[in-house]
Amino acid sequence: MITIEDAELPRDIVENRIKDTEKQIKRFENFIESLKLRKQKYEEKLAEMDGE
């Protein structure tokens, strides 16, 4: 969240916060992808169990 105090920060700090936020977004995207893969593996395992 951006606050009034953030608006008064020096440009380099604001730019660093943007970069940090982009890194956090990428980490969350990677985490979500890993969860999707995990879910897919569980679904495949369940399908194997149902086929037995």
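Predicted model: local features only at pLDDT ≥ 70, side-chain atom pairs only at ≥ 80, totals over all residues.
I started at Phe 28, which counts as exposed at 57% relative accessibility. My cut-offs: exposed is over 50% relative accessible area, buried is under 20%, and partly exposed is in between, with a 1.4 Å probe and protein chains only. Residues are numbered from 1 along each chain as its sequence is written, and side-chain values use heavy atoms, with hydrogens and water left out.

**Entry: the chain overall**

I looked up the secondary structure and got 2 helices and 0 strands. Both are DSSP runs numbered from the N terminus (helices are H or I, at least four residues; strands are E, at least two). Of the 52 residues in the protein chain, 2% are buried. The accessible surface comes to about 5300 Å², and carbon and sulfur atoms hold 58% of that. Those areas are Shrake-Rupley values with a 1.4 Å probe; for residues, only the protein chains shown count as cover.

**Entry: Ser 34**

Ser 34 is in helix H2 too. I have Ser 34 down as partly exposed, with a relative accessible area of 35%.

**Entry: salt bridges**

How many salt bridges are there? I count 3, taking a salt bridge as a side-chain nitrogen of Lys or Arg within 4 Å of a carboxyl oxygen of Asp or Glu.

- Arg 11 pairs with Glu 15, with the closest N and O atoms 2.9 Å apart. Both lie in helix H2 (residues 11–51), 4 residues apart, about one turn of the helix. Arg 11 is exposed at 64% relative accessibility, whereas Glu 15 is partly exposed at 34%.
- Glu 33 pairs with Lys 36, the closest N and O atoms being 3.7 Å apart. These two are 3 residues apart in helix H2, so about one helical turn separates them. Glu 33 is partly exposed at 44% relative accessibility.
- Glu 43 pairs with Lys 39, and here the closest N and O atoms are 3.4 Å apart. Both are in helix H2, 4 residues apart, again about one turn. I noted Glu 43 as partly exposed at 43% relative accessibility and Lys 39 as exposed at 51%.
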